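Me: Please take a close look at a single part of this predicted model, and describe how that part is set among its neighbours.

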Amino acid sequence: MLTSLWARLTWAGLFPVVLVTALLYPIFNAQLDDRTARARGTAATTLEAEYERLRQAMNESLNQVLVTVEFPLLQRYLDTVQQTQSPAHEVALQRDLEQMDALFRSLLTHFGRYTRLALIDQAGRERLSATTIPMLPPPPKVDHADTALFEEATALQPGDLYISPPRLGAADGDETVTAAIDIATPVFTPSGRRLGVLLFTLDWSRLTAHLADPHEHSDTQFLLTDARGSWLLAGGGERAIPFGSALATEWPAAWQAMAASPRGEAKLDKHLLGFHTHDVRIHHYQSQAGMIVSDPDTQPWRLGIAAPRPTLMKVLMESRGQLMAIVLVYLLSITVAALWTFGHYRQRSLRQSALLLSRQARQYAGEVQDLYENAPCGYHSLDSAGRVVKMNRTELDWLGYRADEIIGRRLYRDFITPGSRDAFDAAFQQVLSDAREGAAECELLCRDGTTLPVAIQATAQVTAAGFQYSRATVFDLRERKRLEASLERQAMTDPLTGLGNRRYLEDQAAMEIARAQRSGAPLSLIAIDLDHFKYINDTHGHDVGDLVLQAFAGTARQQLRNGDVLCRMGGEEFAILLPDTTREQAMKVAERLRQTIAGTPVQVGEEVIAGGRLAYSASLGVTLVSAGESSLKPAIKRADRGLYAAKAAGRNRTQWHAG
Ligand SMILES: Nc1nc2c(ncn2[C@@H]2O[C@H](COP(=O)(O)OP(=O)(O)OP(=O)(O)O)[C@@H](O)[C@H]2O)c(=O)[nH]1
């Protein structure tokens with residue numbers, strides 16, 4: 001469950017992030033494009049300015065060389081050098097040399113961009129050299145005859161120039177790396193005769209210092225290589241590319257772009273690159289130079305600018321307020337989504353619990369309904385008029401009706417037998433009264449005509465509005481009645497003979513006396529006592545005595561008609577109540593019974609008596625229940641007196657006793 005909630009919350013967090021990103025991305029991407037375009041524009045402008053600055057500096061240098069070479073002093077000196085030596089010449093030469101040295105030193109200071117000015121004669125010998133390090137002793141007489149510089153320069157025409165590739169110069173004392181370029185031009189007499197070569201060594205490091213270390217554009221880097229990609233900038237700090245190293249190795253992506261075309265732009269990983277070539281042999285149209293010669297492998301130079309490439313992150317970080325706003329939008333959208341998801345989840349789980357509860361409630365209601373309908377007892381509800389408003393299946397089945405035949409249509413009273421209706425009515429009134437409950441034992445009248453004994457216990461359902469309905473439980477009493485009847489029978493039956501006992505006689509007598517009184521018919525009573533029964537017991541045993549008693553019961557039953565009540569009064573005493581029987585008739589019955597008994601010995605077996613048959617007899621007293629006697633007791637006394645008389649007369653006799 002929890003896992004499911006976390007998964008939902010994760011998705012709910014991701015969704016707004018994706019949505020907000022999808023909305024904001026185009027906006028900031030447009031900003032990024034704008035920044036990129038601006039950076040490209042700035043880089044292009046800066047590159048153009050630096051190119052122009054470099055070109056102008058080179059043009060100025062070329063012009064300075066060309067102006068210097070026109071100095072008559074130079075021409076005169078070299079011209080004198082070429083002429084035949086004489087003492088006069090030597091003096092003139094020495095004078096000119098001193099003047100030129102002063103001139104060169106003055107020019108070095110004036111121009112401020114050269115490290116050396118040198119004058120070379122036509123034979124390649126360096127005649128004069130002035131350097132920016134005045135403390136050093138005068139340089140030795142250098143022979144330039146075999147150098148490329150001298151060979152190239154000495155072949156040029158007036159106004160032409162030779163420019164060497166930039167090269168590393170000497171360290172200037174504080175270990176700063178310097179680089180230099182040699183610019184040379186031939187020296188001619190006004191008549192056009194070659195005299196030698198003028199050499200200016202340009203301090204390249206100073207000229208390109210702002211490219212190597214662009215303080216004001218700290219995020220921007222300039223690139224300057226020769227045609228083969230050798231790095232041409234010196235200095236620039238420890239992280240700078242070393243002079244002369246290959247850009248292809250140091251920054252392959254940049255070199256790949258710059259080598260591909262003379263001019264263009266490229267997007268590198270972290271930089272925007274702008275570049276174009278600078279050919280000193282061609283790009284000198286504002287100078288006074290004629291033809292410019294240089295090492296063909298090193299020209300043109302490739303000048304480039306690498307400006308930091310704007311990124312989305314940089315754009316976002318530009319404004320703290322903007323960043324805060326974006327973070328807030330994200331947080332807000334995530335919070336809203338999370339709250340919505342949580343609420344929805346909670347609602348869903350509540351719905352599920354409610355669903356579960358209602359399902360359980362339905363199931364429970366179904367079980368209760370089933371219990372109600374199929375309970376082992378009947379249930380019904382009646383309105384205040386006693387009309388059935390509800391009845392369960394069990395009671396409907398007892399009655400044999402369908403629900404629609406009874407509910408709302410019939411009074412419950414209709415299903416009570418007339419004999420038990422009073423009890424029902426009384427109980428129902430009790431329910432309607434303040435007692436609120438009532439009970440009755442009644443008989444239900446079923447559709448098939450049968451009756452069903454039931455016990456009804458009802459309770460009133462009362463609200464503030466008063467009586468609503470009575471709710472009753474109905475118990476089937478058939479089993480209980482059967483049991484009661486059986487117990488009743490047992491209580492009135494003699495177990496040995498199966499005849500009714502004294503209670504039974506009294507019970508029957510009450511009915512017969514009442515009936516006789518109603519009808520006026522005679523009611524007779526015979527008292528019977530077996531003769532010498534103690535002797536039978538004592539002689540043959542108690543079991544045999546029991547057999548005799550049972551035999552008497554069987555014989556007597558056969559002699560009597562239906563309606564006569566034969567019972568055992570106790571021991572060997574019996575009585576017979578004869579409804580609708582006169583004295584004469586009773587005497588006849590008694591006498592016939594006596595004779596039959598006397599003539600019907602009991603089968604007791606050979607082991608008891610020889611022949612296996614035991615004869616016995618009985619004495620009988622006969623009387624009439626007198627009119628007006630509500631109890632049998634007086635008649636019993638009279639019959640007993642007749643009986644005693646018969647015993648006294650010798651037994652096995654029948655004796656009438658009137659009173
Ligand atoms: N076997 C048996 N004997 C019983 C039963 N009930 C009573 N008796 C016996 O019946 C005898 C009755 O004896 P008595 O009252 O002296 O009468 P009798 O011996 O019949 O003498 P008379 O009536 O004068 O002829 C007693 O011995 C009782 O024990 C019974 O259910 N079974």
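**A strand and its partners**

Reply: In this predicted model, eight of the eight residues of β17 are buried, so the strand is largely enclosed by the rest of the structure. Strand β17 covers residues 523-530, and the burial extends to both of its faces, with Leu523, Leu525, Ala527 and Asp529 buried on one side and Ser524, Ile526, Ile528 and Leu530 buried on the other.

The pairing of β17 involves two strands, which can be taken in turn. With β19, β17 pairs in the antiparallel sense over seven bridges; within this pairing Ser524 has Leu578 of β19 as its bridge partner, while Asp529 stands opposite Glu573 in β19. With strand β22, which spans residues 618-624, β17 likewise runs antiparallel, and seven bridges join the two; here Ile526 stands opposite Val622 of β22.

Strands β18 and β19 form a hairpin with two residues between them, and Gly571, which lies in the turn, has a positive phi of about 50°.

Conventions. Residues numbered from 1 in each chain as written. Predicted model: local features only at pLDDT ≥ 70, side-chain atom pairs only at ≥ 80, totals over all residues. Pairing = 2+ DSSP bridges. Helix = DSSP H or I, 4+ residues; strand = E, 2+ residues; numbered from the N terminus. Buried ≥ 20, exposed ≤ 12 C-beta atoms within 10 Å, placed from the backbone.
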